[in-house]
Amino acid sequence: MELSFLMTCLGGDETCGGLVEESWVVLHDTPEDCCAHKYSWIDQELCAARSTHSTPTLNKFWADKTKSKCEDDSVVPAEDLSTALYDSIEDCCLYGFSWLSKGACFSASGMDLAGLGSNKYYIDYMNQQCVQDCDGSAPCGGVLKDQWKTLFDTFDECCAQMSWIPKSDCLKD
């Protein structure tokens, strides 16, 4: 379905819908007014942007549930007009993908993970060590992308979960 705020004009720009000759057509003063009255189920900014073809200036993000990532609406416009829009990728990840960790959502959305870690500890079972949820050198093990992993506030709490590993070998160095 194509939305259009029908401007009565003779043409010339892409927002012009032509002259309205039918008396039954309700005219609105602005795209926002038209959207509020006729398309209340659509995000008002999205409706107005699609109506005036000003998508590149929208600067909003939407949750692409099929790809589990946030898209910039000005780059990849949402086709589903009932899609919720968010002011930032942070909000999109938080509210659009509650089942993903912030790191996983940011990574899938093409964002830099630097500074995203919690600085808590988690078990790297492959290497049988406790690593810190951060990006950088040891003891950092990378920003956690798996939301199902348990985070521990301290190194001691983490190492206590692997009693078979000597404490001196537990922390990644």
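Reply: Two strands pair if DSSP finds at least two bridges between them. Strands (E, at least two residues) and helices (H or I, at least four) are DSSP runs, numbered from the N terminus. This is a predicted model: local features need pLDDT of at least 70, side-chain atom pairs count only at pLDDT 80 or more, and totals for chains, interfaces and linings use all residues. Residues are numbered from 1 along each chain as its sequence is written, and side-chain values use heavy atoms, with hydrogens and water left out.

Now the disulfides. The structure holds five of them, each a pair of cysteine sulfur atoms within 2.5 Å.

Take Cys70 and Cys92. Their disulfide has an S to S distance of 2.2 Å. The torsion about the S-S bond is about -105°, so this link is left-handed. Cys70 sits in strand β2 (residues 69-72) and Cys92 in helix α3 (residues 89-96). The two are 22 residues apart, and the pair links distant parts of the chain.

Cys93 forms a disulfide with Cys105, sulfur to sulfur 2.1 Å. That link is left-handed, with -80° about the S-S bond. Cys93 has a relative accessible area of 5% and is buried. Cys105 is at 0%, so it counts as buried.

Next, Cys130 and Cys158. Their sulfur atoms are 2.1 Å apart in a disulfide. The S-S torsion is about -100°, so the link is left-handed. Cys130 lies in strand β5 (residues 129-132), Cys158 in helix α5 (residues 155-160). These distant parts of the chain are 28 residues apart. Cys130 and Cys158 are both buried.

Strand β4 (residues 121-124) and β5 pair in the antiparallel sense, over four bridges.

Other cysteines deserve a look. Cys34 is at 9% relative accessibility and counts as buried. Cys35 and Cys47 belong to the largest nonpolar core. A nonpolar core is a set of buried Ala, Val, Leu, Ile, Met, Phe, Trp, Tyr and Cys residues joined through side-chain atoms within 4.5 Å. This one has eleven residues in all, including Tyr39, Ile42, Leu58, Trp62 and Leu85. Helix α2 (residues 44-52) gives the largest share of this core, three residues.

Finally, the wider setting. The protein chain has six helices and five strands. From the N terminus on, they run α-α-β-β-β-α-α-β-β-α-α. Of the 173 residues in the protein chain, 38% are buried. The chain exposes about 10,500 Å², with 50% supplied by carbon and sulfur atoms; the area comes from the Shrake-Rupley method with a 1.4 Å probe. Among contacts (heavy atoms within 4.5 Å) between residues at least 6 apart in sequence, 47% join residues at least 24 apart.

How values were computed:
Buried means under 20% relative accessible area, exposed over 50%, partly exposed in between (1.4 Å probe, protein chains only).
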